[in-house]
Amino acid sequence: MTMNFKLYKHVIFDFDETLAKLIVDWPFWHKEIIPIIKKYDASFDENTYLNMYSIHQLINKYGENFRSDYVNFEIATEKKYYRGYKLIEKSFDLLQELHEQNKKLYLLTSNCREVVLPILEELKIADYFSKIVTVDDVKNLKPTPEPFKLIASEPCDKSEFLMIGDSKSDSEFAQNVGIDYLDVSEF
């Protein structure tokens, strides 16, 4: 797919599965989050598939206390089970190209800052991003439009923004904000 990036002054990147694949022991993550969810819903089915979209639904359902428990859990378990990362070359190359074109770049991730920031620094790209928004920074995660308020704190022309990601929560975030979306599978 060829995309006309000249249309966009601002490009928002997701992190995990977009710029890099985090190597995290996700089965342990799933096993350890179940007791947190069961604290709010004792009948929760342990075999339920969980992703950022379903976590967002749980935050909506159980409110600020659940969100706080989730964020604390996420930070602790990502650090505990993080084993490294694998760079996604095509996305990294695109990031480099957009940086060279002086696009205003942002990172919006549902991962924790303590895992993501050292990777960005190791890759020498942390300073590429005007703003880095992580799970630690927002009350409501993607797909809600709330994280966009941290990216575009002033009124802006949303037609100048593009979100690049890999998931339903990324595409629905873009849709909810009213900006264009490009899935990494399309380039």
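Trainee: Which residues does F129 touch, not counting residues up to four places away in sequence?

Mentor: A contact is defined as heavy atoms within 4.5 Å. On that basis, and not counting residues up to four places away in sequence, F129 touches L19, L95, L105, Y106, L107 and L120. Please note that this is a predicted model, in which local features need pLDDT of at least 70, side-chain atom pairs count only at pLDDT 80 or more, and totals for chains, interfaces and linings use all residues. Residues are numbered from 1 along each chain as its sequence is written, and side-chain values use heavy atoms, with hydrogens and water left out.

Trainee: Which residues have the most contacts inside the largest nonpolar core?

Mentor: A nonpolar core is a set of buried Ala, Val, Leu, Ile, Met, Phe, Trp, Tyr and Cys residues joined through side-chain atoms within 4.5 Å. Buried means under 20% relative accessible area, exposed means over 50%, and partly exposed lies in between, with a 1.4 Å probe and protein chains only. Here the largest such core has 64 residues, and those with the most contacts inside it are I12, F13, Y70 and F129. Helix 2 provides the largest share of this core, 11 residues.

Trainee: Where is A126 placed, and is A126 buried or exposed?

Mentor: A126 sits in the loop between helix 4 (113-122) and strand 5 (129-133); helices (H or I, at least four residues) and strands (E, at least two) are DSSP runs, numbered from the N terminus. Its relative accessible area is 19%, so A126 is buried. Not counting residues up to four places away in sequence, A126 touches L117, L120, E121 and I132. The C-alpha atoms of A126 and V116 are separated by 9.5 Å, the two residues being 10 apart along the chain.

Trainee: Which residues of helix 1 are buried?

Mentor: An α-helix has 3.6 residues a turn, so residues three or four places apart point the same way. In helix 1, the buried residues include W29, I33, I34, I36 and I37, and helix 2 (52-81) is part of what covers the buried residues of helix 1. K38 also lies in helix 1 (residues 26-40), but K38 has a relative accessible area of 28% and is therefore partly exposed. Beyond residues up to four places away in sequence, K38 touches F44 and E46.

Trainee: Is D170 buried or exposed?

Mentor: D170, placed in helix 6 (residues 168-177), has 1% relative accessibility and so counts as buried. Leaving aside neighbours within four places in sequence, D170 is in contact with D14, T18, K142, M163, G165 and Y181.

Trainee: How many helices and strands does the protein have?

Mentor: The protein has 6 helices and 7 strands. Of its 187 residues, 50% count as buried. Among contacts between residues at least 6 apart in sequence, 69% join residues at least 24 apart.
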